[in-house]
Amino acid sequence: MQNLCSTHEKCSGDVREKLRQWNISEAESIKIIDLLKKDKFIDDHRFTEFFVRDKQKINKWGKEKIRYALKNKGLGQDIINEALSTLPEENFESALRESLSKKSLELGKYKSYEKKNRLIRFAIQRGFDYDLIFRVVDDYTGD
């Protein structure tokens with residue numbers, strides 16, 4: 001497990017799932033995870049900060065999609081909120097604008113109303129906040 005954790009950043013949920021796949025008992029898994037944490041091979045705070053930054057910057061995800069993905073990894077709400085608060089709102093707006101700009105070019109043949117609906121659905125799937133979506137989407141529909 002140390003080998004795996006030293007090559008890629010992992011959270012305790014990822015390690016727990018991998019140990020479950022290897023049929024390691026729950027009691028042994030807890031011991032292994034505690035040892036990995038003690039030796040700093042895994043750190044949920046560090047993992048969450050990297051995850052949030054990468055998914056926002058590289059994948060252009062919104063807060064809600066990032067939050068959902070981290071919850072599915074078994075991370076606590078406090079850790080998630082703390083990591084999300086480190087990114088400025090402007091980063092999410094610029095990511096949304098970049099995504100909508102590309103998507104808008106793909107939807108050039110649609111009428112304004114249909115194009116707006118498709119852009120809104122696209123942005124929701126990417127996990128952006130409704131307020132941000134509705135504030136920005138009209139810039140890409142011709143309305």
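Which residues does Ser-99 touch, not counting residues up to four places away in sequence? The answer is Lys-60 and Phe-122. This comes from a predicted model.

The protein has an average pLDDT of 93. A score of at least 70 is reached by 99% of the residues. Among the elements, helix α1 (residues 2-7) has the lowest mean pLDDT, at 88. The highest mean, 96, belongs to α5. Where pLDDT is low, predicted coordinates should not be read in detail.

Now back to Ser-99. Find it in helix α7, which covers residues 89-106. Its relative accessibility is 8%, so Ser-99 counts as buried. The cut-off for buried is under 20%.

One of the partners of Ser-99 is Lys-60. Lys-60 sits in the loop between α4 (44-57) and α5 (63-72). Look at its backbone. Phi of Lys-60 is near 60°, a positive value in a residue other than glycine. Asn-23 also has a positive phi, near 60°. Asn-23 lies in the loop between α2 (12-21) and α3 (26-38). Is Asn-23 buried or exposed? Its relative accessible area is 71%, so Asn-23 is exposed.

Next, follow the chain into α5. This helix packs against helix α6 (residues 77-84). The angle is about 145°, and the axes are 10 Å apart. The crossing of α5 past α6 is right-handed. From α5, the contact uses Lys-63, Ile-66, Arg-67, Leu-70 and Lys-71. From α6, it uses Gln-77, Ile-80, Asn-81 and Leu-84. What kinds of residue make up this contact of α5 with α6? Four are nonpolar, two are polar and three are charged.

In soluble globular proteins, nonpolar side chains tend to be buried together. Here, the largest nonpolar core holds 28 residues. Ile-66, Leu-70, Leu-96 and Leu-100 touch the most other members. Two or more residues come from each of α4, α5, α6, α7, α8 (112-125) and α9 (130-136).

Zoom in on Leu-70. Leaving aside neighbours within four places in sequence, Leu-70 is in contact with Phe-47, Thr-48, Phe-51, Val-52, Leu-75 and Ile-80.

Technical notes:
Residues are numbered from 1 along each chain as its sequence is written. This is a predicted model: local features need pLDDT of at least 70, side-chain atom pairs count only at pLDDT 80 or more; totals for chains, interfaces and linings use all residues. Side-chain values use heavy atoms; hydrogens and water are left out. Helices (H or I, at least four residues) and strands (E, at least two) are DSSP runs, numbered from the N terminus. Buried means under 20% relative accessible area, exposed over 50%, partly exposed in between (1.4 Å probe, protein chains only). Contact means heavy atoms within 4.5 Å. pLDDT is the predictor's confidence in each residue, from 0 to 100. Axes are lines fitted to C-alpha atoms, for helices over the stretch in contact, and angles run from 0 to 180 degrees between N-to-C directions. A crossing is left-handed if the near helix is turned anticlockwise from the far one by less than a right angle, and right-handed if clockwise. Ala, Val, Leu, Ile, Met, Phe, Trp, Tyr, Cys and Pro count as nonpolar, Asp, Glu, Lys and Arg as charged, and the others, Gly among them, as polar. A nonpolar core is a set of buried Ala, Val, Leu, Ile, Met, Phe, Trp, Tyr and Cys residues joined through side-chain atoms within 4.5 Å.
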